[in-house]
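Hello,

Here is the structure we talked about handing over. Please load it first, then read the notes on its salt bridges below.

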Amino acid sequence: MSNTNSLLTIKDLYASVEDKQIIKGLNLDIKPGEVHAIMGPNGAGKSTMGYVLSGREGYTVDSGSVTLGGQDLLDMETEDRARAGLFLAFQYPVEIPGVSNLEFLKASVDAQREARGEEAITSAEFLKEAKIACKQVDLPVSFLKRGVNEGFSGGEKKRNELMQMLLLKPKLCILDETDSGLDIDALQVVAEGVNSQRSADRSFIVVTHYQRLLDYIKPDFVHVLSGGKIVKSGDASLALELEAQGYAWLQNAPAEDELEG
Amino acid sequence: MTEQIDKALAREYEAGFVSDVESETFLPGLDEDVIRRISGMKNEPEWMLEWRLSAFREWLEMEEPEWAHVDYPKIDFQAISYYSAPKSMKDKPQSLDEVDPELLRTYEKLGIPLIEQQMLAGIAVDAVFDSVSVVTTFRDKLEEAGVIFCPISEAIKKHPDLVKKYIGSVVPKKDNYYAALNCAVFTDGSFVYIPKGTRCPMELSTYFRINEQNTGQFERTLIIADEGSHVSYLEGCTAPQRDENQLHAAVVELVALDDAEIKYSTVQNWYPGDEDGKGGIFNFVTKRGICHTNAKISWTQVETGSSVTWKYPSCILKGDNSVGEFYSVALTRGRQQADTGTKMIHLGKNTRSTIISKGISAGKSNNSYRGLVRMNPGAKGARNFTQCDSLLIGDLCGAHTFPYIESRNPSAIIEHEATTSKVSDEQMFLCRQRGLDPEKAVSMIVNGFCKEVFKELPMEFAVEAGKLLEISLEGSVG
Ligand SMILES: Nc1ncnc2c1ncn2[C@@H]1O[C@H](COP(=O)(O)OP(=O)(O)OP(=O)(O)O)[C@@H](O)[C@H]1O
Ligand SMILES: [Mg+2]
């Protein structure tokens with residue numbers, strides 16, 4: 001089933017944290033330009049999936065494979081995965097006191113440019129881009145000077161994650177509940193931000209609990225992750241179904257791939 | 001993660017080279033005769049020699065202090081040489097052309113060019129090499145403004161009235177064990193006098209270099225800011241990488257007369273010893289300033305070097321409305337030990353002091369903040385604010401805080417805040433997820449932690465200090 005033109009291919013992935021297996025037989029195939037929504041109950045392993053893909057320390061892969069653009073992702077250091085175009089918007093963004101957003105973002109962008117063999121961006125040029133990105137996520141420009149997430153409100157942190165995505169221009173964006181804790185207006189801002197970035201060579205994994213977000217960001221596929229694997233996949237209509245019925249009817253359902261197999 | 005950070009922290013000490021200069025060095029040992037010879041080498045007047053000898057007699061009666069949270073082998077004071085100077089300095093070079101090029105190269109390698117054309121505009125430098133001052137730059141320009149900036153050995157001869165009046169006035173001879181020793185055997189350091197109402201037209205700085213083996217460096221600095229004057233002064237320090245410990249015992253005295261302001265910054269990068277704690281400088285320093293009415297003294301220090309640091313730059317807020325500040329970054333790694341902080345002694349009315357201390361501990365190091373805030377009965381309406389933050393990197397290091405508060409005036413207000421944090425897994429992960437390598441991530445997080453202190457440094461040096469931390473934290477990540 002592995003497809004040569006896939007951007008991301010996850011095959012039979014099993015992964016653990018602190019000796020506890022959380023991801024248990026995950027399969028997922030994402031082509032360039034696609035938007036995949038992932039829903040599922042609390043504790044299903046959605047965030048864990050994001051951490052395993054981005055190579056967070058303490059998360060070990062027990063078996064299975066993951067490729068990004070044909071490259072073996074699991075073999076790469078965390079920072080190299082990022083430089084290869086993987087971006088994770090955190091469910092709970094962490095603060096880095098005293099390090100300004102602007103400084104942090106420029107260093108990130110420069111590190112990624114350097115990995116591509118490009119020159120560092122000039123400060124003036126970067127400031128211009130950063131100001132535009134601020135506007136797009138509706139954060140005042142003054143946030144560039146503040147410490148990374150330092151004292152930001154919950155919603156501001158989420159918008160800040162999105163701003164980072166806008167500036168880093170990744171190939172694969174994993175948005176882990178970027179819609180949680182947002183007010184209605186902010187939800188639209190985030191959705192517009194994502195939509196503006198949709199393109200033939202950029203894919204998204206949108207983790208969410210709310211069908212509402214998917215009214216704004218139209219997914220190509222919706223998956224239900226439960227017990228560490230995908231138990232159901234469908235199109236946008238699946239989200240509506242879940243909204244109406246919850247997850248209970250799926251909990252004991254056989255996994256998609258088992259059905260296919 | 002700890003392993004990642006440890007690797008990121010493994011650093012090279014860039015200033016660890018030895019300069020090949022022929023020196024005249026006293027044989028190790030300390031007695032009255034050695035002190036007479038030091039005084040003789042400097043052609044000092046009789047009163048200075050007498051002062052040294054009386055300090056020496058006091059020192060003999062004193063005990064080495066043991067209260068600091070540091071642990072090091074007992075120092076054999078007879079095994080140290082108390083004077084070493086490049087031979088070429090003997091006939092007192094009158095201009096830069098006459099200075100041994102090897103000495104100039106040493107400073108150039110350390111990033112302190114002494115050739116006027118290459119010098120940083122706006123910064124005058126006094127370069128002290130082992131026991132002597134090699135060169136003091138921009139003296140003419142400073143003289144035009146009436147500012148005296150010269151080696152203290154020269155000031156003793158040329159400005160005896162000023163020296164006599166103020167030396168030992170802030171740090172008395174008997175103040176403590178190392179201060180008394182310094183009074184007896186000090187060799188060189190800087191002397192600054194800013195006349196009334198004068199704003200010093202340049203940044204002044206002294207660069208201390210230890211080169212010779214088995215010598216101690218006993219720096220003595222005296223800065224006098226006359227009424228309404230203003231000066232900003234910076235010192236830097238480095239030493240070669242050696243397996244033996246070397247002693248640096250300095251005394252710095254600041255006098256800020258009415259309405260004067262002194263800003264004193266230190267970037268201390270003495271050789272810290274190797275991973276296992278072998279070698280490195282013992283940095284036992286007494287720094288104190290006195291503020292008269294409306295005067296202000298601000299200490300800023302970035303301490304990254306030395307194997308053992310024992311240092312408490314302090315302010316005596318004698319005059320009403322005077323202000324004392326202490327901003328400190330102390331980074332320890334490997335087996336380094338630092339016990340540093342400040343004393344703010346409030347005597348006058350409405351005196352104010354601010355203490356911001358940032359301690360960063362990594363490896364197996366120990367980093368202690370020790371601070372005293374004293375409000376004397378006369379300190380009506382005085383205020384102190386202390387913020388004391390520790391950042392731990394890894395779990396083998398220690399951070400300790402020893403705040404002492406003594407208030408004898410009920411109207412005085414003292415605030416103390418303290419935090420301890422870690423470079424967290426989450427922060428490291430965020431940085432790396434955005435494409436930063438672990439080294440860059442650590443140095444960025446540490447720099448962020450120090451921001452409040454760095455912004456107090458003169459601009460040129462803030463960049464330096466940031467870089468210094470980066471070098472301190474730099475290493476190869478496999
Ligand atoms: N360090 C850890 N040690 C032990 N268990 C962990 C650890 N990290 C995560 N888990 C467990 O793994 C499971 C999956 O967690 P994860 O955060 O991936 O869930 P999630 O699907 O993102 O849930 P939510 O919708 O609440 O965000 C949970 O049961 C969680 O308690
Ligand atoms: Mg989650």
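A residue is called partly exposed when its relative accessible area lies between the buried limit, under 20%, and the exposed limit, over 50%. Arg113(A) has 22%, so this residue counts as partly exposed. Keep in mind that the model is predicted.

Arg113(A) has a partner. Its side chain meets that of Glu118(A) in a salt bridge, at 3.9 Å from N to O. Glu118(A) is partly exposed too, because its relative accessibility is 36%.

Chain B next. Glu64(B) and Lys74(B) form a salt bridge, with their closest N and O atoms 3.4 Å apart. The two residues sit ten apart, both in the loop between helix 3 (46-61) and strand 2 (84-86) of chain B. Which of them is buried, and which is exposed? Glu64(B) is buried, at 14% relative accessible area. Lys74(B) is exposed, at 63%.

Another pair in chain B is Lys287(B) with Glu235(B). Their salt bridge spans 2.2 Å, N to O. Lys287(B) lies in strand 12 (residues 280-291), and Glu235(B) lies in strand 9 (residues 230-238).

Glu57(A), Glu77(A), Glu79(A) and Arg432(B) are joined into one by salt bridges that share partners.

How many salt bridges does a search of the whole structure find? The count is 31, over all chains.

Best regards

Conventions
Residues are numbered from 1 along each chain as its sequence is written. Chains are lettered from A and ligands numbered from 1 in the order in which they are written. This is a predicted model: local features need pLDDT of at least 70, side-chain atom pairs count only at pLDDT 80 or more; totals for chains, interfaces and linings use all residues. Side-chain values use heavy atoms; hydrogens and water are left out. A salt bridge is a side-chain nitrogen of Lys or Arg within 4 Å of a carboxyl oxygen of Asp or Glu. Buried means under 20% relative accessible area, exposed over 50%, partly exposed in between (1.4 Å probe, protein chains only). Helices (H or I, at least four residues) and strands (E, at least two) are DSSP runs, numbered from the N terminus.
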